[in-house]
Amino acid sequence: MAGDYAVVKLAPLAAKYGAWATRTIEIISTAENAGKIVLNEIDAVLASEKIVIKETNGTIISTIKKEEEILDGATVPDKQIVITEAANVMDGTALNNLTPELPNTRNISKGKLHKSSHKIDPGVNTELQTKVNDIIANGDNTGTKTEQIQDKLFTEKAGFNNPPLDAKYGPNNNPVGDDGIDGLYIKGTISNPTEIVISEAKQWDGVGGVTLNDGNTSTGLPIQMSDSWIQHVAQKLIQTGDANKIAIGNMLQNPANANIIQKYLTVVNKSTGDINVLKLGTY
């Protein structure tokens, strides 16, 4: 199996251990029949929080993890099995198949992140694991490290143009700054894009949820990642006077491109180390 990432996500399972045991044995049987190695001892598997399946040469094929979560509106935890495989399916199909979620005002709940994210275990890739470990140990106050993870996933794995487009600006129409879009990725060209992805990089402590930046009524800035926020950023890029930024702003404002813009959050869970890619809906 080539590549680094894959995710297969099952529906939340109400039966905590019966379903976990059934699915785990099924996965292990498949791995054994395919000549894979289960890293855990078989008799200890069901007590494990994480099962690692490897090729005979040591390459990680799958990591299977149990997660407790309380789904939105539920009063008791449901058991969910998340399977993160080492295969290259961080692609358009995997992303497009995600269920879009909407923030509650500007908060994305823990339940939505668990239920609807494309989850990636960075342990299948040394570079990703190093970056995630650094974020957990030392933080990422500027967001630069999380943005680097996001860039790697969308360009190297999902096949969007590399390098990403620079959609940031500074105060007073400065074309250089930290305001704007963390990650802007396209397929095609700026003048004729076939796909446009806007993604914001976030960190999460695994407890509450992820909070989007609030709007500012005095400046007219809408809530982060809303459709009106994207148009606001596009206009700010145009106002920089920089030819490249103007072209990017026009691309985002072009009505012909409205239906090919997809929005995501790339979230590093600092509690588990997992990377969550969540699709956002229209708001």
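Me: Where is P163 found?
Reply: P163 is found in the loop between α5 and β8. Helices (H or I, at least four residues) and strands (E, at least two) are DSSP runs, numbered from the N terminus. The model is predicted, so local features need pLDDT of at least 70, side-chain atom pairs count only at pLDDT 80 or more, and totals for chains, interfaces and linings use all residues. Residues are numbered from 1 along each chain as its sequence is written, and side-chain values use heavy atoms, with hydrogens and water left out.

Me: Which residues does the cis peptide bond join, and what is omega?
Reply: The cis bond joins N162 and P163, with omega about 10 degrees.

Me: Why does N172 count as exposed?
Reply: Exposed means over 50% relative accessible area, buried under 20%, and partly exposed in between (1.4 Å probe, protein chains only). N172 has 78% relative accessibility, so N172 is exposed. N172 lies in the loop between β8 and β9, and its phi is near 55 degrees, a positive value in a residue other than glycine.

Me: Why does N173 count as partly exposed?
Reply: The relative accessibility of N173 is 39%, so N173 falls in the partly exposed class. N173 is also placed in the loop between β8 and β9, and its phi, near 65 degrees, is positive in a residue other than glycine.

Me: Why does D140 count as buried?
Reply: D140 has a relative accessibility of 6%, so D140 is buried. Its place is the loop between α4 (126-138) and α5 (144-157). Not counting residues up to four places away in sequence, D140 touches I135, K145, T146 and Q203; contact here means heavy atoms within 4.5 Å.

Me: What makes a polar contact with the side chain of D140?
Reply: The side chain of T146 does, at 2.6 Å. A polar contact is a pair of N or O atoms within 3.5 Å; within protein, one must be able to donate a hydrogen and the other to accept it, and residues adjacent in sequence count only if both atoms are side-chain atoms.

Me: How many aromatic pairs does a search of the whole structure find?
Reply: The search finds three aromatic pairs. Rings of Phe, Tyr and Trp (its six-membered ring) pair if their centres lie within 6.5 Å; planes under 30 degrees apart count as stacked, over 60 as edge-to-face and the rest as tilted.

Me: Why is the pair of F154 and Y185 called stacked?
Reply: The ring centres of F154 and Y185 are 5.0 Å apart and the planes lie at 15 degrees, so the pair is stacked. This pair links distant parts of the chain, F154 in helix α5 and Y185 in strand β10 (residues 183-188), 31 residues apart. F154 is buried because its relative accessibility is 0%, and Y185 is buried because its relative accessible area is 0%.

Me: What form does the aromatic pair of F154 and Y264 take?
Reply: F154 and Y264 form a tilted pair, with 5.9 Å centre to centre and 50 degrees between the planes. The pair joins helix α5 to strand β13 (residues 261-269), where Y264 lies, 110 residues apart. Y264 has a relative accessible area of 1%, so Y264 is buried.

Me: Which residues do ring pairs link into a cluster?
Reply: The cluster holds F154, F160, Y185 and Y264.
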